[in-house]
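Here is a short briefing to read alongside the model. Have the viewer open and follow along.

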Amino acid sequence: MTDELKLYDPFQKMQFSDENCFLCGTDITIEQRTPVFGTWLQEKYGLQHKELLLLDKSVATFGELTIPCCDSCHTQYVIPLEKEVEQAAALGMVGLQQLDQKRLFQWIGKMYYGTLVTELIKETDPLIMPQNPISENNKMLGKFREFFKVLQSLRVPMVFSDFLPCSLFLLEVSPTEDELPFEYQDELTTMAFSIKLGSVSVVCTLLDNGIIGKALGRLYRLTQGQQLHPIQVAEFKARVFYAAYIFNAVPEYFERPLKPEDRYITMDTIIDDVTNEVFNPWVLTAYAHMLEEMLKPWGIREKEILANPQQPISFLVNEQAGFNPMERFKRLN
Ligand SMILES: [Zn+2]
């Protein structure tokens, strides 16, 4: 077995420090770091001084967020990935659709994991005592550990046998009432993520082996080839984030035993959908609450969302369950 086909497991000894590369674990100095948000992204959307709410509810700027990274991982793996996504994003929807989904997963995964690692390193400081440290939450750590196995496809040649670890959704936003060139949202526990790059919103659930993508497949297909009003994108996000919230399974990943001639790791997966329901029950009021959160910029409250208790309000879907085209948003009353 060659050394380059070896996965790194920082969770075994909880090796989260400023002196270990986040991706390969190599000892480094505290100056060796890589930005969580690619430099091109920061420059293109003026994010350097823009604030971002961290997982522990503290605030940092996008520019401040960097993670420990050895020179080799930085130049060989992170920079080429950023370059590839930058070029794809420059072409808008077409570019991002053509980009290998695995690369998009790695790119989103790096940002998600980067914010997580920032949090885990902080928790090693005895002066910062969060109320519910992630480093003591075994269930979450188990989930992150599985996630990091597949994220390492960024560094270690790896083939996913017959799955993608995540669900990805690409939505095109209509320019008519779109005022935000960039938007970012991630949720630590549910691993739901979204980022808006110009006219494209990318929504992702990071560790579901594509199950949420299948569950929302019909809705997603309705949106394809359409330009969505931002409020429709917000509703789509609410549906994805809510699905991630009730998603109740953690995939496990296994490396196939290596043969001497192997040039890559083959990853297999199982997800327990036999003894467990993959989704907890869908609860109308809980969904309505999520939708209310997402619809905050339009000030639509739960009362309006649930005006018809049989059917929560939808901007995406009409009464015949087809796509509801929407150029401008008109207040309901
Ligand atoms: Zn490294």
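This is a predicted model: local features need pLDDT of at least 70, side-chain atom pairs count only at pLDDT 80 or more; totals for chains, interfaces and linings use all residues.

Residues are numbered from 1 along each chain as its sequence is written.

**Overall build**

- The protein has 10 helices and 12 strands, where helices (H or I, at least four residues) and strands (E, at least two) are DSSP runs numbered from the N terminus.
- Its radius of gyration, taken over C-alpha atoms, is 20 Å, close to the 20 Å that the globule rule gives for 333 residues, so the protein is as compact as a globular protein of that length. That rule is 2.2 Å times the number of residues to the power 0.38.
- Along the principal axes, the C-alpha atoms fill a box of roughly 65 × 50 × 45 Å.
- Of the 333 residues, 34% count as buried, meaning that 20 or more other C-beta atoms lie within 10 Å of the residue's own, with C-beta atoms placed from the backbone.
- Among contacts (C-beta atoms, placed from the backbone, within 7 Å) between residues at least 6 apart in sequence, 72% join residues at least 24 apart.

**A mixed sheet**

- Five strands form an open sheet in the order E7-E8-E9-E6-E10, with mixed pairing; two strands pair if DSSP finds at least two bridges between them.
- Strand E7 (182-186) and strand E10 (227-228) are the edge strands, each pairing on one side only.
- E7 and E8 are antiparallel, with 5 bridges, and Glu183 stands opposite Lys196 in E8.
- The hairpin of E7 and E8 has 5 residues between the strands, and Met191 there takes a positive phi near 60°.
- Strand E6 (residues 167-173) runs antiparallel to strand E9 (residues 200-205), joined to it by 6 bridges. Glu172 faces Val200 in E9.

**The helix across the sheet**

- Helix H8 (residues 230-246) lies across E6, strand E8 (192-197), E9 and E10, running at about 10° to E9. Axes here are lines fitted to C-alpha atoms, for helices over the stretch in contact, and angles run from 0 to 180 degrees between N-to-C directions.

**Arg221**

- Arg221 sits in helix H7 (residues 217-223).
- Is Arg221 buried or exposed? Arg221 is exposed, because it has 10 other C-beta atoms within 10 Å, and exposed means 12 or fewer.
- Arg221 and Asp178 are 43 residues apart along the chain, and their C-alpha atoms are separated by 22 Å.

Notes: Two residues are in contact if their C-beta atoms, placed from the backbone, lie within 7 Å.
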